[in-house]
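Here's a quick tour for anyone meeting this model for the first time. Have a look at it, then read on.

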Amino acid sequence: MDIGALLFLPVPVVLLLFTRAPFGPLASLGLGVALMLTHRLYARPWALARASRRCLWCTRPADAGSELVIEEPFGTTTWRACSDDHADRVRRLLGWAGAHGRFLKAGILGTLGIFLIAAVLTTLGWLGPLRHADAVAVFRLGIAATVLPLGWLGSTRPPEAGPLRVPFPVHIQALVGSWTVTWLFRVVGAVWLVQAIVHVWQRL
Ligand SMILES: [Zn+2]
């Protein structure tokens, strides 16, 4: 298994802890938050150390490809793509992300914040008839509504010619490649949207 894929593994594990709560809601939430907060400590240095030789789109060797300078929340970093085509694909995706930075930030951080609070309160029984599963449905709906547009519309935009300013750090997508992450957004986003709608339907 590729080390990048291994380092990406905490991301789906966190999502499973949040949505399936295998150790009960509170312990699963705590473990998920701890994994989420510590991920950057080892995943980001690993990705940055390989930023100049791994394609940000497909993860294949990119020693001679074009450079991609990206203004991330934690500072400006330089990455590389294996070909002009893959550099353009990154410029489309991140151009869309930069143009919709506020939407993406509100969608991801807002949903996460609401979910964490609602998950604790529903577990403690402080939200009346609302249950942990309802908080999970809100989480799935909010994340799906955010990543589906990015996944589908991010490829329709012309490649961004100016500086790439993104609202999220790019080391996570660098671990498995932006192409893989785009498809995860499309597929997981669609599944979560359906799951959230089915949940609301059943609750009504
Ligand atoms: Zn490539």
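How many bridges join strand E1 to E2? There are 6, and the two strands, E1 being residues 67-72, run antiparallel.

## Before we go on

This is a predicted model: local features need pLDDT of at least 70, side-chain atom pairs count only at pLDDT 80 or more, and totals for chains, interfaces and linings use all residues. Residues are numbered from 1 along each chain as its sequence is written.

## The sheet

Three strands make an open sheet with mixed pairing, in the order E2-E1-E3. Strands here are DSSP E runs of at least two residues, helices are H or I runs of at least four, and both are numbered from the N terminus. Strands pair if DSSP finds at least two bridges between them. At the edges sit E2 (75-80) and E3 (164-165), each pairing on one side only. Glu71 has Thr76 in E2 as its bridge partner.

## The core

The largest nonpolar core has 44 residues, and Cys55, Leu56, Leu68, Ala81, Val90 and Leu175 have the most contacts inside it. Such a core is a set of buried Ala, Val, Leu, Ile, Met, Phe, Trp, Tyr and Cys residues joined through C-beta atoms within 7 Å; buried means 20 or more other C-beta atoms within 10 Å, with C-beta atoms placed from the backbone. Helix H6 (residues 132-153) gives the largest share of this core, 8 residues.

## Two helices

The axes of H3 (residues 25-49) and H5 (residues 101-124) come within 10 Å and cross at roughly 155°. Axes are lines fitted to C-alpha atoms over the stretch in contact, with angles from 0 to 180 degrees between N-to-C directions. So H3 is roughly antiparallel to H5, a label for angles over 145 degrees.

Technical notes. A residue is buried if 20 or more other C-beta atoms lie within 10 Å of its own, exposed if 12 or fewer, and partly exposed in between; C-beta atoms are placed from the backbone. Angles under 35 degrees count as roughly parallel, over 145 as roughly antiparallel, 65 to 115 as roughly perpendicular and the rest as oblique.
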